Amino acid sequence: MKADIGLWLINYFPWVYSIIPLLAFLSPIIGGGEFGVIGVAFLFINNIRTFFIITIFCYIGLVVNDSIWFFIARTNIFKKFRQWKKISKHYENMENKIDKLSHGRDILAISLAKLMIGTRVLLILYTGKKDIMFRNYLFYASIANSWLCIVFVLIGIIAASGFSSIIRIFKNIEIAITFLIVFFMIFYILQKWISRKLTAKQK
């Protein structure tokens, strides 16, 4: 199940194995959310123990990441950022779309934000600016991230399994890398398609 790259890292740098929980925690924060989770799952999950370790710490990292955006939305810097003409117009359009899609339900708005690409930051900022207490926001984000984290981890495992299988069958790293590129392109396009569908103009 483990990608050969992860095996190589652990074989040549054994200490990497001891910091997998830290890597899993940081991956959503510095790795772009879901892509960070998929990446660390792709590299290091090889048994049920690492599955649970990476899933748990990635989940914590996702919640922390969303919490950071919640507080950023309440800073003076963000207020100035929102006043920029181009940003302000886009932000206003996004608010209207999210209001229609979520019907005022904060937990639904956060879940939608996690499914989208390119607009997630604005969506998280939007929910952060709403008049809700942080503990409520944390509760909503925790629920949304619980199932999405598992989905992202499973995607990483599938990518790693496909990569390793191609290496074993074809003995060709170029074919395996091509598989990865196509796999993640499909994932990106699918997420982009979901984003467009969710933010399409309502008639």
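The legends below describe close-up views of a predicted model.

**Figure 1. Overall make-up of the protein chain, with eleven helices and zero strands.** From the N terminus on, the order of elements reads α-α-α-α-α-α-α-α-α-α-α. The protein chain has 203 residues, and 42% of them are buried. Among contacts with a separation of 6 or more, 77% join residues 24 or more positions apart.

**Figure 2. The buried residues of helix α3.** Helix α3 spans residues 20-30, and its buried residues are I20, A24, S27 and P28. These buried residues line one face of the helix, because they fall within an arc of 80° when seen down the axis of α3. Their cover includes α2 (residues 15-18), α4 and α5. After α3 comes G32, which has a positive phi, near 80°.

**Figure 3. The crossing of α3 and α5.** The two helix axes come within 7 Å and cross at roughly 35°. This crossing is right-handed. On the α3 side, the contact is made by I20, P21, A24, F25, S27, P28 and I29. On the α5 side, the residues in the contact are I53, I54, F57, C58, I60, G61, L62, V64 and N65.

Figure 4. Beyond its neighbours within four places in sequence, S27 is in contact with G32, G33, G36, V37, V40 and C58. A separation of 7.3 Å is found between the C-alpha atoms of S27 and G61, which are 34 residues apart along the chain.

Figure 5. L23 is partly exposed, with a relative accessibility of 30%. Not counting residues up to four places away in sequence, L23 touches V16, V40 and F44. Between L23 and G36 the C-alpha to C-alpha distance is 9.4 Å, and the two are 13 residues apart in sequence.

**Figure 6. The largest nonpolar core, of 29 residues.** The members that touch the most other members are I45, I54, C58, F152 and V153. Two or more residues of this core come from each of α3 (20-30), α4 (34-44), α5 (48-72), α10 (134-170) and α11. Helix α10 gives the largest share, eleven residues. Another core, of six residues, lies apart from this one, and F70, I110, I132 and A144 are among its members. In soluble globular proteins, nonpolar side chains tend to be buried together.

**Figure 7. Aromatic pairs, including F51 with F52.** The count of aromatic pairs, with ring centres within 6.5 Å, comes to ten. In the pair of F51 and F52, the ring centres are 5.4 Å apart and the planes stand at 75°, so the pair is edge-to-face. F51 is buried, with a relative accessible area of 17%, whereas F52 is partly exposed at 47% relative accessibility. The rings of F179 and F183 form a tilted pair, because their planes are at 40° and their centres 5.9 Å apart. F179 and F183 belong to helix α11 (residues 173-198), where they are four residues apart and so separated by about one helical turn. F179 counts as partly exposed, at 24% relative accessibility.

**Figure 8. A cluster of aromatic rings.** F70, F71, F134 and Y137 are linked into this cluster by ring pairs. F70 is also one of the six residues in the core that lies apart from the largest one.

**Figure 9. R105 in the loop between α7 and α8.** Helix α7 covers residues 85-102, and helix α8 covers residues 106-115. R105 is exposed, with a relative accessible area of 55%. The C-alpha atoms of R105 and Y140 are 10.0 Å apart, and 35 residues separate the two along the chain.

How values were computed:
Residues are numbered from 1 along each chain as its sequence is written. This is a predicted model: local features need pLDDT of at least 70, side-chain atom pairs count only at pLDDT 80 or more; totals for chains, interfaces and linings use all residues. Side-chain values use heavy atoms; hydrogens and water are left out. Rings of Phe, Tyr and Trp (its six-membered ring) pair if their centres lie within 6.5 Å; planes under 30 degrees apart count as stacked, over 60 as edge-to-face and the rest as tilted. Buried means under 20% relative accessible area, exposed over 50%, partly exposed in between (1.4 Å probe, protein chains only). A nonpolar core is a set of buried Ala, Val, Leu, Ile, Met, Phe, Trp, Tyr and Cys residues joined through side-chain atoms within 4.5 Å. The arc is that of the directions from the helix axis to the C-beta atoms. Contact means heavy atoms within 4.5 Å. Axes are lines fitted to C-alpha atoms, for helices over the stretch in contact, and angles run from 0 to 180 degrees between N-to-C directions. A crossing is left-handed if the near helix is turned anticlockwise from the far one by less than a right angle, and right-handed if clockwise.
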